[in-house]
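Here are my notes after a pass through this one. Have a look at the model first, then read on.

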Amino acid sequence: MPSISRKIQALIWSPPPEDPAERRLLLKLDVVILSFTCLAYFMLAIDVSNLTNAYVSGMEADVGFTGSQITLAGSCWTAGYLVGQWPAALALSSNRIPARVTFFVCMIVWSICTLGLAFVKNVHQVYGLRFVQALFEAAVFSGSHYIYGSWYKEIELGARTAIFVASANMGSLFSGVMQGSIIDTLAGRAGLEGWQWLFVLDFIITVPVAFYGLIFFPDTPETTKAFWLTEEEKSLAVTRLGKKPAVILSWPVFKSSVRRIVTDWRWYLFTSLFTVSATAFEKTGTYGEFTYWLASTGTYTTQQVNYYPCIFTAIAIVSTYVLTIVSTETGSRAIINPIMYTAVFISSVMLLVWDIGVGGHWFAYLIAGFGYAGQSTNFAWANTMCQDDDILRAVTLYSMNLFSNVWNLWYQIALWPQSSVPRFRNGQIATIVTGAFSLLIVAAIVYCSRKYPKGIKTEQAEFAGDIEDVDEKYNSPVEEGANGTE
């Protein structure tokens with residue numbers, strides 16, 4: 001009979017493997033993979049927010065921002081982030097470039113861009129640096145999900161993706177306080193303004209994380225050369241997931257992959273699900289409605305307006321973890337979507353009524369924190385459903401992130417404009433409608449996964465046949481520790 005400690009571990013993390021060797025392997029993977037990806041995502045969250053903190057701390061006047069130029073700088077970041085999605089997907093799934101090298105290069109380049117922002121002389125330099133910065137930051141979020149799907153079993157994915165998603169929320173939670181302290185403490189040191197030190201220290205903190213990943217990150221099970229894994233553990237990492245030898249990406253392989261992706265329902269439906277649901281379920285954090293309401297009341301100090309939204313972030317972190325555990329225990333990732341919709345439905349209906357008192361407003365904004373679980377559960381769901389094809393899996397995960405950001409470009413302007421602060425009436429109505437539509441997509445995914453399970457395997461067999469027809473020099477499997485090179 002399982003001990004109480006094993007039952008608790010199974011509930012809050014994942015069932016511990018019976019095999020001691022597999023337990024040791026899993027512990028090693030958690031220590032290295034989770035620490036690096038969470039640190040990388042934490043740093044990304046800080047780097048993304050640091051321009052706003054610098055802008056309100058003296059950068060606006062020193063650099064010469066006027067009018068809506070800070071908004072244009074944000075648009076340049078978004079453009080770079082979108083452009084970088086698919087190239088990052090192909091780089092990670094190509095088996096030509098080790099994952100640790102991909103992440104290292106991306107982190108070093110974006111940290112250099114962050115440092116460059118400390119010494120810009122005009123807004124056009126800010127535009128260019130933010131675009132390049134985002135171009136390389138694009139690899140982290142979906143790329144980390146891809147790595148989790150490469151190393152972990154379905155039942156092991158939930159809690160780990162929840163911790164990863166929480167790292168960005170933690171970055172948002174502490175970035176304002178941390179960066180405010182940096183500006184206050186270092187202003188004037190070495191001839192630099194406080195806002196300049198903000199970028200310098202972000203660079204200094206990010207670089208060691210990048211080198212940590214370069215040295216320790218294990219790539220994927222089929223290509224790993226991690227010195228801290230024994231040969232037996234490397235073999236076990238492949239066999240425990242039923243992994244096949246990795247295929248090196250080439251032009252013929254790429255063409256076969258594209259043909260497979262555009263005819264596979266998983267790419268269309270999972271991309272559509274996160275595209276529509278992210279803007280609906282994450283409304284309070286994405287569009288800052290809680291902060292705007294606090295400021296509009298006139299009863300809260302500036303400090304309170306800045307700090308009280310941290311309560312919402314904390315609820316988002318805890319609820320994401322709890323709902324992920326629920327999805328794992330019930331064996332259903334789909335069930336979390338109606339739970340998230342119920343929370344934001346209640347929130348939006350209350351805010352449409354509006355005259356609900358101060359306590360009602362607090363409840364309406366805070367309950368919407370339950371909408372963030374989709375970053376964990378829906379990505380874990382897609383990861384599991386696409387396990388038979390690494391390129392499909394990578395492109396699907398990155399497409400979910402890509403198209404949710406594309407969708408938000410018009411969605412925010414049309415339905416959540418600044419002119420509607422703080423009520424955002426059209427945005428609340430859109431949340432109810434698009435949230436309901438996302439549940440139809442969930443139903444479609446469940447239907448297709450039950451109706452076409454054999455079709456998925458057949459398509460994979462056909463894809464494998466296409467690969468076998470490619471000239472041997474392009475499709476040689478990665479063997480004997482080959483690191484994705486010919």
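Predicted model: local features only at pLDDT ≥ 70, side-chain atom pairs only at ≥ 80, totals over all residues.

1. Start with helix 12 (residues 265-281) and helix 17 (residues 336-353), which pack with their axes 10 Å apart and at an angle of about 30 degrees. Angles under 35 degrees count as roughly parallel, so helix 12 and helix 17 are roughly parallel to each other. As for handedness, the crossing of these two helices is left-handed.

2. Who makes that contact? From helix 12 it is Leu-273, Ala-280 and Phe-281, and from helix 17 it is Asn-337, Met-340, Tyr-341 and Val-344. By residue type, the contact of helix 12 with helix 17 has six nonpolar residues, one polar and no charged.

3. On to the cysteines: how many disulfides does the structure hold? Cys-38 is in no disulfide, and the nearest cysteine sulfur to its own, that of Cys-106, sits 18 Å away. Cys-38 is also buried, at a relative accessible area of 13%.

4. Cys-386 counts as buried, because its relative accessibility is 0% and buried means under 20%.

5. Thr-377 is worth a click. This threonine lies in helix 19 (residues 374-385) and, at 1% relative accessibility, counts as buried. What does Thr-377 touch, leaving aside neighbours within four places in sequence? The list is Leu-323, Thr-324, Ser-327, Arg-333 and Ile-336.

6. Last, Trp-416. You'll find this tryptophan in the loop between helix 20 (390-415) and helix 21 (425-451). Is Trp-416 buried or exposed? Buried, with a relative accessible area of 3%.

7. Lys-283 is 133 residues apart from Trp-416 along the chain, yet their C-alpha atoms are separated by 9.4 Å. Lys-283 is also one of the residues that Trp-416 touches, not counting those up to four places away in sequence.

How values were computed: Residues numbered from 1 in each chain as written. Heavy atoms only, no water. Axes fitted to C-alpha atoms, helices over the stretch in contact; angles between N-to-C directions. Helix = DSSP H or I, 4+ residues; strand = E, 2+ residues; numbered from the N terminus. Parallel < 35°, antiparallel > 145°, perpendicular 65-115°, else oblique. Left-handed = near helix turned anticlockwise from the far one by under 90°. Contact = heavy atoms within 4.5 Å. Nonpolar A, V, L, I, M, F, W, Y, C, P; charged D, E, K, R; others polar. Disulfide = S-S within 2.5 Å. Buried < 20%, exposed > 50% of the residue type's maximum accessible area, 1.4 Å probe, protein only.
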